[in-house]
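Please open the structure in your viewer and keep the selection tool at hand. The stops below are meant to be taken in order, each with something to select and something to look for.

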Amino acid sequence: MTTQIPTRDDMPDLLADHPLPPGLPSEATLARLASAFLAALPDNPVVVSPSHVSPGSKGITQQLRGVPGDALSITQQQYVPSLSGVGTDIGHYYFINTPQPSKTGAWAGSGIHPPFDVNAVRRDFPILAERVHGRPLIWFDNAATTQKPQAVIDRLAHFYAHENSNIHRAAHELAARSTDAYESARSKVAHFLGAVAADTIVFVRGATEAINLVAQTFGRQNMGAGDEILVSHLEHHANIVPWQQLATEKGARLQVIPVDEDGQILLDACQRLLSNRTKLVAITQVSNALGTVTPVAKIIDMAHRVGARVLVDGAQAVSHMRIDVQLLDADFYVFSGHKVFAPTGIGVLYGKQELLDSMPPWQGGGNMIADVTFEKTLYHKAPTRFEAGTGNIADAVGLGAALDYLQRIGMENVAQYEHMLLLYATNALRSIPGLRLIGTAPEKASVLSFVLSGHRPEDIGAALNREGIAVRSGHHCAQPILRRFGVEATVRPSLAFYNTCEEVDTLAAVLRRLTRG
């Protein structure tokens, strides 16, 4: 049995047979998105035989606009356009994890969610109504921080108006409300990550603090002279510097997994670097500079085979895809709340329970102690032993509200929509003369890093700002990976599920004007 993937010539008939669902912004917008999708399809049919389908893999239903309902679908295996050049690759975007519709019409594995409507989503984010230099704000700096829905803003206001108190200490009513709200947020994070228990979740200020916590506790406890720490070329400075400091202190060695010309991890090289000297692998799940989605599950399995522990930096992943730390078998997983539509100053360290309980505290003070005398101190078990002093209670509650919001929309809906938007934006930027995309891995999340011939990245950023478009220009705290591609800085538009094709068109139009001087 074989399945023929449709070509461009087949598309009109398929579209006629599959009416598009309600909730789309406009026919014109959909037409532009469909054009980008059609442009990526092969001219000749691609035939998929069962031998091309990996055992246990599921067919993906790829929908225009990522909207649940009757829509164009490519079954058996999704046709995956290569971002480094249109080809005939057959693959499976593991991070999209699209559920299949059940017989009742509900979407299996994701709960029941309303049809995804980007205009309705945008109304949930008040800041998107702002104007900058007289232009509507276009927020393309989501890899730096995401905007906050009204639900999160309202939850923070409610906390300070009705629940504000320190936690775990007093017997009065507000202390009980505050403690309940804080610990409820911890449970929500555990559920969001697929963790087995709330006690595996430690609240910190952000992913950076979480990585430093692991370095200063697990790292100091388990690292010695001659041991090795393995990172990738893709890492943010926050997943390099703490390990350099630890290696210097302990006489250990930092090893680096290289990447190919598209910015993909070289798994063969990773395998060669792993040995019984490897004590820890610290790997990003999504590159903040390139958008590359790394094969973390494979790397975790490879590392565990040599007895190494693995920390996954999920700061750029949690807002784009469903995470399950049990399926990944990650030993540690970290992320920042402000990257996932929550407030700043709150982040998460997930750790396997037995690891957290075996690690020493890294800060001392109130809340993390069971008993104190002048001779000795007894500490609580995790997670409390790592949360000394008064924590960021309100923003932890805000993080819980942000995760509630995402769960209502459905992470599968988010992943589908953003993936199609990324394809559309990639097609739009590629059409601009002199523009070079940095990072063209086939599996990418919503980052488009580029340089433009004859223009400095900071000048492009300033020009876009005058048009109300917010992007990041610079080294993105990821200098090693940019230098791997021969540049010191790039312009980095980064997308979220509240961005639109119209906004991408505006970005492309401004860049074209720049190329014309």
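Which residues lie nearest the centre of the second largest pocket? Select Ala143, His236, Asn288, Gln316 and Lys339, which have that place among the 23 residues of the lining. Before going on, note that this is a predicted model, in which local features need pLDDT of at least 70 and side-chain atom pairs count only at pLDDT 80 or more, while totals for chains, interfaces and linings use all residues. Residues are numbered from 1 along each chain as its sequence is written, and side-chain values use heavy atoms, with hydrogens and water left out.

Stay with the pocket, which has a volume of about 360 Å³. On a 1 Å grid over the protein atoms alone, a pocket is an open set of points with protein on both sides within 12 Å along at least five of seven lines, a cavity is a set where a 1.4 Å probe fits but cannot get out, and lining residues have an atom within 4 Å of a point. Grid points are joined across faces, edges and corners, and the volume is the space filled by probe spheres set on the points. Now select helix α6 (residues 207-222), which gives the most to this lining, with three residues; helices (H or I, at least four residues) and strands (E, at least two) are DSSP runs, numbered from the N terminus. The lining of the pocket divides into nine nonpolar, nine polar and five charged residues, where Ala, Val, Leu, Ile, Met, Phe, Trp, Tyr, Cys and Pro count as nonpolar, Asp, Glu, Lys and Arg as charged, and the others, Gly among them, as polar.

Next, turn to the cavities, of which a search of the whole structure finds four of 30 Å³ or more.

The next stops are pairs of helices. Select helix α4 (residues 150-162) and helix α12 (residues 393-409), whose axes come within 9 Å and cross at roughly 145°; axes are lines fitted to C-alpha atoms, for helices over the stretch in contact, and angles run from 0 to 180 degrees between N-to-C directions. The contact of α4 with α12 divides into 10 nonpolar, one polar and three charged residues.

Then move to helix α14 (residues 457-466) and helix α16 (residues 501-515), whose axes come within 10 Å and cross at roughly 125°. That angle makes α14 oblique to α16. Here Ile460, Ala463 and Leu464 in α14 meet Leu507, Val510, Leu511 and Leu514 in α16, contact meaning heavy atoms within 4.5 Å. By class, this contact of α14 with α16 has seven nonpolar, no polar and no charged residues.

Finish in two loops. Pro383 is found in the loop between β14 (377-379) and α12, and the peptide bond from Ala382 to Pro383 is cis, with omega near 5°. His133, in the loop between β3 (131-132) and β4 (135-136), has a positive phi of about 55° although it is not a glycine.

How values were computed
Parallel < 35°, antiparallel > 145°, perpendicular 65-115°, else oblique.
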